[in-house]
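Morning, everyone. Please look at the model while I talk.

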Amino acid sequence: MTATVEGTGRDGFVGTPMLRREDPALLSGEARFVHDLVVPGALHLALVRSPIAHGRIASLNLEPARELPGVVAAFSGTDLAGEWAAPMPCAWPVTAEMKNPPHYPLALAEVCYAGDAVAVVLAESRAVAEDAAAVVEVTYDELPAVVDLEQALSDRALVHGSLGTNTAYVWELVPDREAVERAFASAAHVVTERYVQQRLIPAAMEPRGVCAVPQPFGGELTVYSATQIPHILRTMLGVTLAFDESKLRVVAPAVGGGFGSKLDVYAEELLCVALARRLRRPVRWSEERSEAALATIHGRGQVQQIELAADADGKLLAVRAELLADMGAYLQLVTPGVPLLGAFLYHGTYDAPAYSFRCVSVFTNKTPTDAYRGAGRPEATYAIERAMDALARQIGCDPAELRRRNFITREQFPYASPAGLQFDSGDYHTALEQALRLARYEERRAEQAERCRSGSTRHLGIGLSSYVEMCGLAPSRVLASLNYGAGGWETATVRLLPTGKVQVVTGSAPHGQGHVTSWSMIAADRLGVSPEDVEVLHSDTAVAPMGMDTYGSRSLSVGGTALVLAADRVIDKARLIAAHRFEAAPEDVVFEHGSFSVRGTPASAMTIGAVAFEAFTAHDLPDGVEPTLEASATWDPPNFTFPFGTHVAVVEVDEETGSVEIVDYIAVDDCGNRVNPMIVEGQIHGGIAQGIAQALYEEAAYDEAGNLLTTTLADYLVPAASDLPRYRLGHTVTPSPTNPLGVKGIGEAGAIASTPAVVNAVVDALSHLGVSAIEMPTTPERVWLAIAAARTAGEAKG
């Protein structure tokens, strides 16, 4: 869709597909990632990591490393204890009683997961540093490892003995407990389902990297990090290291994906800064892929129980969800809050009068978990969408029809949800019907029935997933009510240079989302210029000193709105200057086609570029108007935004081998107004790929001793393009009333909707054989075993 905007007098750039301006540098190799930076005199850092999941450090000998040629220094956790003004930060203490054991960049006395760092070596080259780390001598007194989530609740073995329990916190959301109990007591149908959200390894294209460069004078230090959060990182470095924040500059150069895994403050960042300050030399570290599997956070990690109460027609009366969430060994930046991001959404797109949610989060001797694409929302959508299919089977109703009966209707918006949120806008029926048409749903059902009648061993399955997500991670007051340690605002500055070119400075920090392209389109429409005349500056705290960065599909609805407000302020100031030149009242001056003119006399037009030059020379400005043409704005939204949609997966399952092939995939998404449809589609494609990966391929697997078994890409199966289907996309447009752009967010939608769609399809294909559940990932082995178990159960009954 296109929109006519003040200042252009024509259809705007917003709403039209445009190639990303970022891509030529990325595709030609001109973009510079942290590892590409040439920093003379930099020391290379390597870490000694624990090979066991739990144990006390009995002895640690650094001398063999220190003796190697090229090694400059080696330190233990005890050696560096004085560098830390505070433990590593956790910004989301979700309850006052939450347990948060101190976590330092190097373990002091006890290791709590395989990969926990115990020492650091610095050398003149990366190879020497890694060789030196390999000869550090460490012995451990091994302790029992807590690996299984449900066994962690018993407290028979403790991850942190000083806590006396493995429970980190208990958090409940029960607006009306009696209403929930009455609903279940009176229900004609009750469905109780248990699902496991396996751990996932984010596996961004670029592993993490850090380079800390101290300046020779003034105590200033620049940190280059492959991070999603340069502004938050700067603040947390200041707090943790007692480093003057005004003397810290954080730059996120080209960042090769993050998906939440780079929304964190990591030990390696703290170590590089601390040691650069200590040694007065640049210090750098580049993560290796197998190291990333242990040292970068994991995603998901939950055991879910969801119960639905429904009347005889399948109309929902109540939803009750209980989670057991895996925190891993320590609480990283937002680890404890991730389950809460889904806590309000376990009723999904459905009008459920009563609602209950409870989460128990526990420590385990495994890599810490934290935000991963969708962060709580995929987990919630998976539970409700899988349970809705289970309810459909129980009452003998088509899954699409059951959804129709229960959807929140368009007339109910803004919708006061049973969990206490206000959904901004929605039209769930239209999205479902479009998806069903694209999927040829009735034809597929007929084909499925025919295959069953013919005795085919290649079974067809159709899986639906209707989702709604909560995006924007704002407003700040709501975040405060959830004990989140930061706000949800964002900033932008718009500056017109004397020659009429435009600079946009944003506090939102991209890592693949296409901010430069989208922001230039928005600014171009607002100011009546070409996108090529707009430069977008970001990801450098010296250039954009204030910001809340990028995560939670918040960039466009929050950062984009700040840009609109700043551009409008520029126009307002420019109007005053133009009115002064025209000797007219400001209210008589209109802005069209990128030019100002007196209403009714367009021949007197003055371009906004010409006004910028007038503001620069300042020879004849109105009284009270300052020179230069720029303005800043900060936007703190009044509400979250709520994108939605329906995805349909069609699969073939080979009964004899258990293999699953996705033969068709349809996604209909509604993210409000679309700034650049090409970028929207790219975001959806990537999200679907990650959701399919969870459904069919990926799992961070541990043995009983807490050893990660999937540390390489030979063991951890990230799908290639050849493993994925061709997607067919549709969309609806339901603008959000909470921001002037009418946008909602799209970056996580594909990952939220696709996983339950695929698993529902697999189960649907095999339901006539008696299969009602398969744990993720639905590998050929698991599918084959589920078929065999159902066959055995059927023979026992018959």
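Start with H11 and H12. Ala400, Arg403 and Arg404 in H11 meet His429, Leu432, Glu433 and Leu436 in H12. Contact here means heavy atoms within 4.5 Å. By class, this contact has three nonpolar residues, one polar and three charged. Ala, Val, Leu, Ile, Met, Phe, Trp, Tyr, Cys and Pro count as nonpolar, Asp, Glu, Lys and Arg as charged, and the others, Gly among them, as polar.

A word on what you are viewing. This is a predicted model, where local features need pLDDT of at least 70, side-chain atom pairs count only at pLDDT 80 or more, and totals for chains, interfaces and linings use all residues. Residues are numbered from 1 along each chain as its sequence is written, and side-chain values use heavy atoms, with hydrogens and water left out.

Back to the helices. H11 covers residues 399-406 and H12 covers 428-439. Both are DSSP runs (helices are H or I, at least four residues; strands are E, at least two), numbered from the N terminus. They pack at about 165°, with axes 10 Å apart. Axes are lines fitted to C-alpha atoms, for helices over the stretch in contact, and angles run from 0 to 180 degrees between N-to-C directions.

Now the second pair. H6 (residues 230-241) packs on H7 (residues 267-279) at about 60°, axes 11 Å apart. That angle makes H6 oblique to H7. Under 35 degrees counts as roughly parallel, over 145 as roughly antiparallel, 65 to 115 as roughly perpendicular, and the rest as oblique. H6 brings Leu233, Leu237, Thr240 and Leu241; H7 brings Glu269, Leu270, Val273, Ala274 and Arg277.

How many cavities of 30 Å³ or more does the structure hold? Six. On a 1 Å grid over the protein atoms alone, a cavity is a set of points where a 1.4 Å probe fits but cannot get out; lining residues have an atom within 4 Å of a point. Grid points are joined across faces, edges and corners, and a volume is the space filled by probe spheres set on the points.

The largest cavity holds about 140 Å³. It has 18 lining residues, with His103, Tyr113, Ala267, Ala295 and Gln332 nearest its centre. That lining divides into ten nonpolar, five polar and three charged residues.

Notes
1 Å grid on protein atoms, 1.4 Å probe; cavity = no way out; pocket = protein on both sides within 12 Å on 5 of 7 lines; lining within 4 Å.
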